[in-house]
Amino acid sequence: MGQVLDVVAPVFAIIAAGFLAHWRGMIGKAGIAGLNSFAFAVATPALLFASGTAGHSGGGWAGLVFFTAAFAVYGGVLLAGRWRGWSLRRSGPMALDATFGNTVMMGIPLILAAYGQQGLSILLVIIALHSLLLLTTATVVSELAQNAQARKWLLLRVSILGVMRNPIVMAVLSALVWSTLGLPVPDWLRRALNLVGAATPGVSLFCLGASLVGFNLAAGWRQMSVTVVAKLLLLPAMVFCLCRLLGLSDLEVAVTTTIAALPTGANAFLMSSRYGVGMAESGAAVLVSSVLSVVTLSVVLALFTL
């Protein structure tokens, strides 16, 4: 548990700093909105482009299992929301919260410490597709929810334009094209991208903490609990079962299940902020899942490393 706490503690500290700074009036709504825009439009795209052009390989089957389970959970949350009578505008952010993990700030140090460089190589392959697949899907779902009354051809056009206007998705797509063409990234440009991208986790978590000021836990706990249970329990259980079913190696099973058990990542909150829906609930899901993951990740690591 101490190993997990060492990784999670900075997450809590930055979230608390954002909450206190906004609550005490040190940074107002306009300042937080500016930081949110910087994280979404500048820092995160820089981080993802730098990571996507770094040239990771291997771990293909592990990635296939992870995203198969992730999309099954994503679709399950959308269907559950429809059954409960929730709008797509409400259940869309919930589906992302239930599947998008904190693979960078928590995943990298945790996987490296527990499974070494071989485990990290599997994680990096999943990270390369993580934002591309999940955030692109989330963007399309959000655009469909906002333009539900439009004609089908117009709905398709709006969805495509929504993806093209999303700087995070376009950064990942650009990195994919860049790598496919085998183009080199100049050293000075990679250093610049890394410097800007390094601000992503901290700024995102700070804004997340600020969003929790005034959050009504009594009103939002049902939605939050669904996403937290799906993220910390359902997704890793599905990944583990699929890994065993397909006969993946013990290392692939351990690493992929651990990745699936990571708490909700701050980029899910940034997407909610982008569309102005479920920001507080998404922020609370990140916070609560991070707190509970101290226990759940400790159990997962104990099962695979003892």
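**Helices, contacts and surface of a predicted model**

Leucine 189 is found in helix 8, which spans residues 187–197. Helices are DSSP runs of H or I with at least four residues, strands are runs of E with at least two, and both are numbered from the N terminus. Leucine 189 is partly exposed, at a relative accessible area of 25%. Here buried means under 20% relative accessible area, exposed means over 50%, and partly exposed lies in between (1.4 Å probe, protein chains only). In sequence, leucine 189 and alanine 50 are 139 residues apart. In space, their C-alpha atoms are 9.1 Å apart.

The model is predicted: local features need pLDDT of at least 70, side-chain atom pairs count only at pLDDT 80 or more, and totals for chains, interfaces and linings use all residues. Residues are numbered from 1 along each chain as its sequence is written, and side-chain values use heavy atoms, with hydrogens and water left out.

The protein has 306 residues. It contains 13 helices and zero strands. From the N terminus on, every element is therefore an α element by the run α-α-α-α-α-α-α-α-α-α-α-α-α. The mean pLDDT (the predictor's confidence in each residue, from 0 to 100) is 83. Scores of at least 70 are reached by 89% of the residues. Confidence is lowest in helix 6 (residues 152–165), with a mean of 65. It is highest in helix 11 (residues 250–260), at 94.

Buried residues make up 49% of the protein.

Proline 45 lies in helix 2. Its relative accessible area is 10%, so proline 45 is buried. Proline 45 touches Ala39, Phe40, Pro167, Ile168 and Ala171, with residues up to four places away in sequence not counted. Proline 45 and valine 172 are 127 residues apart in sequence, yet 7.4 Å apart from C-alpha to C-alpha.

Threonine 53 sits in the loop between helix 2 (29–52) and helix 3. It counts as buried because its relative accessibility is 12%. A polar atom of the threonine 53 side chain lies 2.9 Å from the backbone oxygen of phenylalanine 49. The backbone oxygen of alanine 50 lies 3.3 Å from a polar atom of that side chain. A polar contact is a pair of N or O atoms within 3.5 Å; within protein, one must be able to donate a hydrogen and the other to accept it, and residues adjacent in sequence count only if both atoms are side-chain atoms. Beyond its neighbours within four places in sequence, threonine 53 is in contact with Ala175, Trp178, Ser179, Val185 and Arg190.

Two further residues have a relative accessible area of 0%. One is glycine 209, which is therefore buried. It is found in helix 9 (residues 200–211). Its contacts, apart from neighbours within four places in sequence, are Ile15, Gly18 and Phe19. Glycine 209 and leucine 20 are 189 residues apart in sequence and 8.0 Å apart in space, C-alpha to C-alpha. The other is serine 293, buried because its relative accessible area is 0%. Serine 293 belongs to helix 13 (residues 279–305). It touches Val4, Val8, Met106, Leu232, Pro263 and Ser298, again not counting residues up to four places away in sequence.

The protein exposes about 13800 Å², of which carbon and sulfur atoms supply 68%. Accessible areas come from the Shrake-Rupley method with a 1.4 Å probe; for residues, only the protein chains shown count as cover. Trp61, Leu64, Leu245 and Leu246 make a nonpolar surface patch of about 480 Å². Helix 3 (60–83) and helix 10 (217–246) each give two or more residues to this patch. Patches are made of residues with over 30% relative accessible area and no salt bridge; like charges are joined within 9 Å, and nonpolar side chains (Val, Leu, Ile, Met, Phe, Trp, Tyr) within 5 Å. Tryptophan 61 is placed in helix 3. It is exposed, at a relative accessible area of 55%.

A search of the whole structure finds one salt bridge. The term means a side-chain nitrogen of Lys or Arg within 4 Å of a carboxyl oxygen of Asp or Glu. The side chains of arginine 244 and aspartate 250 form it, at 3.4 Å from N to O. Arginine 244 counts as partly exposed, at 43% relative accessibility. Aspartate 250 is exposed, at 57%.

Conventions. Contact means heavy atoms within 4.5 Å.
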